[in-house]
Each structure stands twice: as C-alpha cells, then as structure tokens.
Amino acid sequence: MVLAYIGVAIGVLLVIILIIKISKTSPREVAGIDTYCKKCGLETRGMNCPKCEKNSKSFGV
C-alpha cells in the first residue's frame with residue numbers, strides 16, 4: 001500500500017512539473033526548433049542558414 005502512495009505522489013509531482021513547463025513555453029515554439037536564424041533573422045525552418053553558414057567546402061583540410 002505504501003508503494004501505491006509513493007507511485008501516486010511521484011505521478012502527481014510529474015504532472016505538476018509538466019504543467020509548469022507547458023505554461024512557460026511559448027506557443028510559437030515547436031519542439032525546440034528555431035524557425036529563424038539567430039544572426040541574420042532569415043527564416044530557415046530549422047535548417048542551416050544559407051547566408052551565415054560557412055560556404056567553403058574544404059573536406060576537413
């Protein structure tokens with residue numbers, strides 16, 4: 001019976017933590033992916049920015 005109470009307490013605590021996280025997250029933020037480049041502001045939809053990424057392809061040399 002004690003284990004059931006511990007399980008319920010952990011479940012309630014988890015639900016409270018998730019509700020707090022949901023309330024603090026911006027509704028425009030989807031899965032933590034930035035849709036705009038942080039440097040130039042170009043819309044990238046989570047991909048690398050074509051303006052800001054390194055253009056030289058040196059193959060590691």
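This is a predicted model: local features need pLDDT of at least 70, side-chain atom pairs count only at pLDDT 80 or more; totals for chains, interfaces and linings use all residues.
Me: Why is cysteine 37 called buried?
Reply: The relative accessibility of cysteine 37 is 16%, and buried means under 20%, so cysteine 37 counts as buried.

Me: What does cysteine 37 touch, leaving aside residues up to four places away in sequence?
Reply: Cysteine 37, whose place is in the segment after α1, touches Leu42, Thr44, Cys49 and Cys52, where a contact means heavy atoms within 4.5 Å.

Me: Why does asparagine 48 count as exposed?
Reply: Asparagine 48 has 62% relative accessibility, and because exposed means over 50%, asparagine 48 falls under that label.

Me: How far apart in space are cysteine 37 and proline 50?
Reply: From C-alpha to C-alpha the distance is 9.7 Å, while in sequence cysteine 37 and proline 50 are 13 residues apart.

Me: What makes the nonpolar surface patch, and where is isoleucine 10, one of its residues?
Reply: The patch, of about 620 Å², is made by Val2, Leu3, Ile6, Ile10, Leu14 and Leu18, and the place of isoleucine 10 is in helix α1. Residues in a patch need over 30% relative accessible area, and nonpolar side chains are joined within 5 Å.

Me: What share of the protein chain counts as buried, and how many helices and strands does the chain have?
Reply: Of its 61 residues, 5% count as buried, and the protein chain has one helix and zero strands.

Technical notes
Residues are numbered from 1 along each chain as its sequence is written. Side-chain values use heavy atoms; hydrogens and water are left out. Buried means under 20% relative accessible area, exposed over 50%, partly exposed in between (1.4 Å probe, protein chains only). Patches are made of residues with over 30% relative accessible area and no salt bridge: like charges are joined within 9 Å, nonpolar side chains (Val, Leu, Ile, Met, Phe, Trp, Tyr) within 5 Å. Accessible areas come from the Shrake-Rupley method with a 1.4 Å probe; for residues, only the protein chains shown count as cover. A salt bridge is a side-chain nitrogen of Lys or Arg within 4 Å of a carboxyl oxygen of Asp or Glu. Helices (H or I, at least four residues) and strands (E, at least two) are DSSP runs, numbered from the N terminus.
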